[in-house]
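Dear colleague,

Here is the structure we spoke about, with the sequence.

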Amino acid sequence: MSYFLLLYFRIEIMLRNVIGKRIKELRIIKHDYSQEQLADLIGCNRAYISRIESGKQNITIENLNQICNAFNITLCEFFAPFTTRIDE
């Protein structure tokens with residue numbers, strides 16, 4: 001397997017973990033939702049939320065947008081903690 005393919009898979013895993021941790025943070029700290037409550041809000045099951053939060057499941061942009069809607073934030077606000085300005 002090529003170095004670039006291995007690098008791609010590592011980045012994919014890292015992104016899943018970061019997104020999952022952010023969802024869990026918003027769910028617990030900001031909104032005090034259980035996984036079941038969040039799942040009900042977006043129309044999926046609790047196991048799906050659990051897999052996303054643990055980094056075991058990819059999430060579509062549509063589902064991430066639904067989660068953001070449940071949290072009353074935009075996708076930009078979801079990703080805001082991960083962005084920095086180059087000119088700072």
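The largest pocket holds about 180 Å³ of space. Here a pocket is an open set of points, on a 1 Å grid over the protein atoms alone, where a 1.4 Å probe fits and protein lies on both sides within 12 Å along at least five of seven lines. Grid points are joined across faces, edges and corners, and the volume is the space filled by probe spheres set on the points. Of the 13 residues lining the pocket (those with an atom within 4 Å of a point), the closest to its centre are Leu15, Arg16, Ile19, Asn58 and Ile59. Helices are DSSP runs (H or I, at least four residues), numbered from the N terminus. By class, the lining has seven nonpolar, four polar and two charged residues. In that count, Ala, Val, Leu, Ile, Met, Phe, Trp, Tyr, Cys and Pro are nonpolar, Asp, Glu, Lys and Arg are charged, and the others, Gly among them, are polar.

This is a predicted model, in which local features need pLDDT of at least 70 and side-chain atom pairs count only at pLDDT 80 or more, while totals for chains, interfaces and linings use all residues. Residues are numbered from 1 along each chain as its sequence is written, and side-chain values use heavy atoms, with hydrogens and water left out.

There are zero disulfides (pairs of cysteine sulfur atoms within 2.5 Å). The sulfur of Cys68 has its closest cysteine sulfur in Cys76, 9.4 Å away, which is too far for a bond. Cys68 is buried, at 0% relative accessibility, whereas Cys76 is exposed, at 65%. Buried means under 20% relative accessible area, exposed over 50%, and partly exposed in between (1.4 Å probe, protein chains only).

The count of salt bridges is three, each being a side-chain nitrogen of Lys or Arg within 4 Å of a carboxyl oxygen of Asp or Glu.

- Arg16 pairs with Glu12 at 3.5 Å, N to O. Both lie in α1, four residues apart, about one turn of the helix. Glu12 is partly exposed, at 21%.
- Glu25 pairs with Arg22 at 2.7 Å, N to O. Both lie in α1, three residues apart. Glu25 is partly exposed, at 34%, and Arg22 is buried, at 9%.
- Glu53 pairs with Arg27 at 2.6 Å, N to O. Glu53 lies in α3 (residues 46–53) and Arg27 in α1, so this pair ties together parts that are 26 residues apart in sequence. Glu53 is buried, at 9%, and Arg27 is buried, at 7%.

Regards

Conventions. Helix = DSSP H or I, 4+ residues; strand = E, 2+ residues; numbered from the N terminus.
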